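Please keep the sequence and the 3D view at hand while reading.

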Amino acid sequence: MNAYVGTPTSRVDGRAKVTGAAKYAGEFPADGLVHGFVVEATIPRGRIARLDTSAALQVKGVLDVLTHANRPPLAGNDEAWKDEVAPEKGSPFRPLYDDTIKFNGQPIALVVAEEWETAKFAATLVRVEYEPHGFATDLEGERGSAVEFDKPHEPRGDAAGALARAAVRHEADYVIPTEHHNPMELFATTAVWDGDGKLTVYDKTQGVQNVHKFLCGVFDKKPDDIRVVSPYVGGAFGSGLRPQYQVVLATLGALALKRSVRLVLTRQQMYGLGYRPMTIERVALGAKTDGALDAVTHEAIAVTSRYEDFARNDTGWAEQLYSSPNSRFSHKLVQLDVSTPCDMRAPGAASGVCALECAMDELAVALKLDPVELRLKCYSDRDQSENLPYTSKQLRECYARGADAFGWSKRNPAPRSMRDGKELVGWGMATGVWEALQMPVAVRIVLTSNGHAEVSCAASDIGTGTYTIVAQVAADALGLPIENISVKLADSSLPQAPVEGGSWMAASSAHAVLAAAEEVRKELLSLASKMHRSPLADAELTDTVLVDGTIARTNDNSRAVSIADAMRHGNIERIAKEKLNQFDEDKKHARNTHSAVFAEVKVDEELGVIRVSRIVSAVAAGRILNTKTGRSQVMGGVVWGIGMALHEGTVMDHRFGRIMNPNIAEYHIPVNADVRDIDVIFVDEPDAHINKLGIKGLGEIGVVGVPAAIANAVYHATGKRIRRFPITLDKLLD
Amino acid sequence: MNNFHYSRAADVADAIRLLAADPDAKLIAGGTNLIDLMKENVERPSGLIDISRLPLRKLEETADGSLRIGALVPNSDLAYHPLIEQRYPLLASAILAGASAQLRNMASVGGNLMQRTRCAYFYDTATPCNKRNPGSGCSAIDGLNRNHAILGTSPSCIATNPSDMSVALAALGALVHVAGPSGERTIALADFHRLPGDKPHLDTNLGTGEIIIAIELPPLGFAQNYSYLKIRDRLSYAFALVSVAAALELEGNAISQARIALGGVAHKPWRSLEAEAALRGQAATADHFSHAADLLLAGATARAHNGFKIELARRAIVRTLTQAANATPQSQAHKKIA
Ligand SMILES: Cc1cc2nc3c(=O)[nH]c(=O)nc-3n(C[C@H](O)[C@H](O)[C@H](O)COP(=O)(O)OP(=O)(O)OC[C@H]3O[C@@H](n4cnc5c(N)ncnc54)[C@H](O)[C@@H]3O)c2cc1C
Ligand code: SF4
């Protein structure tokens with residue numbers, strides 16, 4: 001039954017990707033295709049006083065310059081602009097809507113030309129005069145104007161009192177800078193004009209149906225007028241959850257010109273999209289002398305735009321993870337003249353848990369306790385915020401397996417006590433935690449009598465491996481070799497799926513495949529049981545399986561009818577079934593993935609140069625569908641964590657309200673030299689409650705905890721506690 | 001990016017003629033810096049004169065034992081050339097510390113010498129910058145200046161020269177051969193790049209209409225005792241915060257010749273003849289290295305964010321000289337600092 005699930009199956013789309021056969025949004029051909037280029041605002045707030053496009057229009061090959069003044073109609077109500085992922089509060093950004101400037105890098109004109117180079121050149125000829133308004137972009141400068149987002153959670157007990165009484169206390173601010181996703185693929189849309197106001201839109205997105213509904217609303221189109229397709233996505237990490245402005249502008253251009261339009265943003269322009277918001281995370285911990293936590297408070301202050309309140313769960317992790325009778329949490333926002341932040345891999349957790357786990361390390365030092373021991377002292381088998389048991393939680397095992405693989409027991413707790421020649425050696429650890437979410441997804445299976453099946457769904461594969469997982473689960477459920485399964489994804493006309501994010505797609509799509517496969521089996525049983533002297537004559541559906549190209553009795557696979565025979569008998573060539581899978585609501589359990597991350601750093605004592613020589617990440621995430629793609633996910637997450645700890649940060653000059661490192665030469669992410677040994681351990685975590693297959697999802701847990709483990713290792717190496725990320729070498733000199 | 005015309009120079013004389021005919025045109029070699037800047041609208045040449053196919057790709061030993069290197073030799077060919085590896089390993093090391101393999105394959109010697117600063121304001125046409133737009137002001141002086149110069153700055157500009165190769169060339173005492181409308185001339189590398197003064201738009205002393213045709217390395221290559229140490233914000237593929245090229249001639253433990261050049265700290269590779277003279281005749285010890293560092297960094301001034309560079313440079317100088325003296329040069333492949 002499980003020939004594929006749980007095995008290290010190679011990516012089914014791997015060959016297409018490495019040979020270039022896989023097409024991305026900016027690569028689809030179209031007859032008469034023309035090209036757009038965006039003109040951006042260069043001030044953070046104000047009005048466009050004058051926009052002169054005449055010189056641009058005179059360039060040979062330029063077809064049009066669209067601005068707020070001459071564009072085709074766009075919806076005038078917020079509802080149309082609110083996509084599935086939009087913040088509840090606020091009024092989403094509408095590109096080329098009017099003359100208001102809300103952030104630097106805002107698109108203010110779209111030049112469309114026969115050639116991309118022509119459009120790019122003509123864009124430099126568009127003259128803009130602004131009426132600038134006063135602005136603010138500095139979170140730390142505006143900290144005083146932070147406003148509570150929503151109602152704060154009910155505090156537990158009396159945190160202030162408990163902190164005041166605590167035998168050992170630690171309180172500090174941890175500052176996480178704004179970060180940008182920088183997916184390898186540039187944001188791009190090819191809007192193909194199908195005639196008659198109809199469009200096929202190839203878009204870089206994590207959710208084709210989200211974009212589809214959004215475009216229909218924004219352009220007042222009927223569902224059949226627009227189809228959104230995005231078969232491959234070259235990374236997105238959350239930046240493609242909301243429809244980005246390039247899809248609006250490409251569509252606008254196509255409708256204005258009645259021609260197919262391609263718009264590819266530049267790397268620099270992508271810094272005008274969403275980002276992980278800068279946060280100031282204030283964490284206070286109070287403990288008894290034996291290490292038992294008595295109080296936890298966590299206040300996050302985050303950036304948002306003036307027009308939308310974007311907030312993610314930074315503080316809930318401190319609320320749920322460790323047992324503590326007294327606690328208080330709040331999340332505040334500061335509205336600034338910037339674009340709205342968006343989800344970025346492990347939104348909320350990457351930042352919030354980083355602060356919490358650095359604070360826990362500082363508390364361990366104050367208590368003279370081993371950091372792992374402190375976490376075990378505060379270990380909770382119940383989600384502390386909801387007071388619920390977990391569907392499964394093998395975090396204890398993660399600590400044990402991770403520590404063992406790392407050699408943690410050999411650690412000398414004193415800072416600066418371990419060295420290797422001129423380098424100080426530091427060992428640090430941290431806990432990681434993420435949610436195990438699942439969403440309704442529908443899948444269609446078309447099984448043909450030759451034993452091939454096409455499995456389709458609107459879900460995206462953003463590089464996470466959805467194609468492969470769907471193929472694995474379908475092959476097992478249909479009893480066919482994986483080569484006989486073809487998977488179609490990310491077309492808005494396919495069965496329903498939400499955006500791909502939150503690590504929910506593996507569990508959600510896998511169970512939808514199971515549900516649809518069961519419908520197929522039902523149909524096959526009804527055909528097979530009617531056959532003359534059928535071995536399945538009186539079989540119940542629950543007594544049957546699909547195996548080796550047959551439908552068979554579960555307890556005796558030799559009593560079987562081949563798929564081909566059953567279909568021939570029924571005089572049909574194919575069985576097509578679509579099923580929407582909904583998960584039972586389970587309010588009695590908390591559902592999370594966990595990890596224990598151990599990091600070794602080597603720091604040149606004189607020069608402060610930091611090398612992350614080893615990371616061990618022990619992950620408990622239910623059943624691992626594919627140990628190969630799963631391991632890649634976690635490794636990728638660890639690399640992200642290295643970046644967060646040591647390299648990444650979007651730098652803004654607040655005098656201009658402009659990002660000053662909008663390119664990947666100056667916005668540093670780890671390069672190969674920064675990534676050494678990464679050991680991923682999957683801890684067994686059987687889970688009978690969460691879902692049939694016991695799956696939790698792996699997309700995000702890999703990054704959570706890594707930055708703190710590295711920061712803690714840097715402290716252990718150097719005795720210096722750096723609370724302002726990234727930890728660059730200048731912070732270690734003195 | 002602006003519209004530009006394109007022509008391919010047939011030979012050096014043709015390139016000079018084309019340049020004279022259109023002073024707003026630019027030479028293009030590997031294009032790895034110029035095209036980037038054109039895409040950002042920082043450089044808006046009226047035309048590109050492609051010199052990439054000119055026969056300036058030779059390495060030749062001259063009668064006096066010098067080595068003459070054509071301006072179009074790719075950075076990677078230069079770094080891996082046996083003569084460079086054997087006689088001038090400091091240069092090979094510095095080149096390999098820069099950029100990435102792909103870029104080094106494209107980049108030329110001449111283009112590397114001429115590459116422009118990475119100051120973020122220079123790149124952002126929406127902000128004032130004296131180097132890009134003379135007279136508009138310097139955004140870095142009171143702005144984000146963590147990467148900026150600590151030596152030889154002026155009230156007009158505090159940008160650094162980003163080249164690694166040039167730092168080694170400065171230490172080796174290289175010469176730059178140029179050709180122009182009025183013939184050929186030679187400029188010492190030390191005089192090739194300028195300090196910003198009140199004309200920060202001029203990076204070098206290359207005259208209008210001149211083209212680099214070759215560089216020349218003097219016979220003394222310091223192949224025994226050298227090291228290039230580059231300190232940056234990640235372990236590879238980042239510009240230097242501070243870099244040090246150190247080259248020593250030792251007689252026993254005594255220094256008979258010393259060369260030290262710094263990168264990432266000034267508008268040009270930074271040398272101090274005084275510091276080098278102070279080492280001559282001294283024992284190769286940390287104390288003497290430290291004294292040399294003080295002399296090299298004399299007059300260093302910090303702005304809001306780059307103060308760390310002074311101490312970092314001091315430590316890096318001592319470390320690099322120690323590596324050189326011990327004949328344990330910094331490996332560019334292994335990121336642990338020797
Ligand atoms: C992402 C990135 C990272 C990098 N990192 C580093 C680094 O770490 N260290 C480092 O040192 N460099 C680094 N570089 C810069 C790289 O070394 C330079 O771009 C390269 O050396 C330029 O050579 P080129 O032949 O491509 O020059 P081009 O781009 O062709 O030309 C650059 C300039 O030189 C002029 N020019 C070219 N040839 C001549 C000539 N013969 N005579 C007169 N003028 C001439 C051109 O007119 C132009 O103004 C990096 C570049 C990039 C893009
Ligand atoms: S330092 Fe030089 S390059 Fe940078 S902004 Fe100032 S003038 Fe321009």
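## Domains of chain B and basis of the model

Chain B is assigned two stretches: domain 1 (5-52) and domain 2 (225-325). The bounds come from an automatic or database domain assignment. Between the C-alpha centres of domain 1 of chain B and domain 2 of chain B the distance is 36 Å.

The model is predicted: local features need pLDDT of at least 70, side-chain atom pairs count only at pLDDT 80 or more, and totals for chains, interfaces and linings use all residues. Residues are numbered from 1 along each chain as its sequence is written, chains are lettered from A and ligands numbered from 1 in the order in which they are written, and side-chain values use heavy atoms, with hydrogens and water left out.

## The interface of chain B and chain A

How many residues of chain B are in contact with chain A? There are 40, and they meet 36 residues of chain A; contact means heavy atoms within 4.5 Å. The size of an interface is often given as the accessible area lost when the parts come together. Here, chain B and chain A bury about 3300 Å² between them, with 60% of it on carbon and sulfur atoms. Buried area is the accessible area (1.4 Å probe) that two parts lose on being put together, summed over both.

Side chains of opposite charge can pair when their charged atoms come close. Six salt bridges are found across the interface of chain B and chain A, a salt bridge being a side-chain nitrogen of Lys or Arg within 4 Å of a carboxyl oxygen of Asp or Glu. B:Arg319 and A:Asp604 form a salt bridge in which the closest N and O atoms are 2.5 Å apart. The interface of chain B and chain A also has 12 residue pairs in polar contact, both residues at pLDDT 80 or more. A polar contact is a pair of N or O atoms within 3.5 Å; within protein, one must be able to donate a hydrogen and the other to accept it, and residues adjacent in sequence count only if both atoms are side-chain atoms.

On the side of chain B that touches chain A, the elements giving two or more residues are helix H8 (120-123), strand S9 (225-231) and helix H13 (308-325) of chain B. Helices (H or I, at least four residues) and strands (E, at least two) are DSSP runs, numbered from the N terminus. H13(B) gives the most to this side, with five residues. By class, the side of chain B that touches chain A holds 18 nonpolar, eight polar and 14 charged residues. Ala, Val, Leu, Ile, Met, Phe, Trp, Tyr, Cys and Pro count as nonpolar, Asp, Glu, Lys and Arg as charged, and the others, Gly among them, as polar.

## Domains of chain A

Chain A is divided into domain 1 (18-134 + 183-266), domain 2 (279-437 + 588-732) and domain 3 (439-581). The C-alpha centres of domain 1 of chain A and domain 3 of chain A are 39 Å apart, and each of these domains gives 19 residues to the contact. Together they bury about 1300 Å², 49% of it on carbon and sulfur atoms. In domain 1 of chain A, the residues that lose the most area to domain 3 of chain A are A:Gln206, A:Val208 and A:Gln209, together 39% of what that side buries.

One salt bridge is found across the interface of domain 1 of chain A and domain 3 of chain A. A:Arg227 forms a salt bridge with A:Asp491, with 2.7 Å between the closest N and O atoms.

## Surroundings of the ligands

Ligand 1 is surrounded by 33 residues, the closest being B:Leu27, B:Gly31, B:Thr32, B:Ser108 and B:Asp164; a residue counts as near if one of its heavy atoms lies within 4 Å. An N or O atom in the side chain of B:Ser108 is 2.7 Å from an oxygen atom of ligand 1, and one in the side chain of B:Asp164 is 2.7 Å from a nitrogen atom of ligand 1. A polar side-chain atom of B:Lys230 is 2.9 Å from an oxygen atom of ligand 1.

Around ligand 2 there are 14 residues, of which B:Cys119, B:Cys129, B:Cys138, B:Cys157 and B:Ile158 come nearest. The shell around ligand 2 has nine nonpolar, four polar and one charged residues.

## Local backbone geometry

Most residues other than glycine have a negative phi, and most peptide bonds are trans. A:Phe725 and A:Pro726 are joined by a cis peptide bond, with omega about -5 degrees. A:Ser503 has a positive phi, near 65 degrees.
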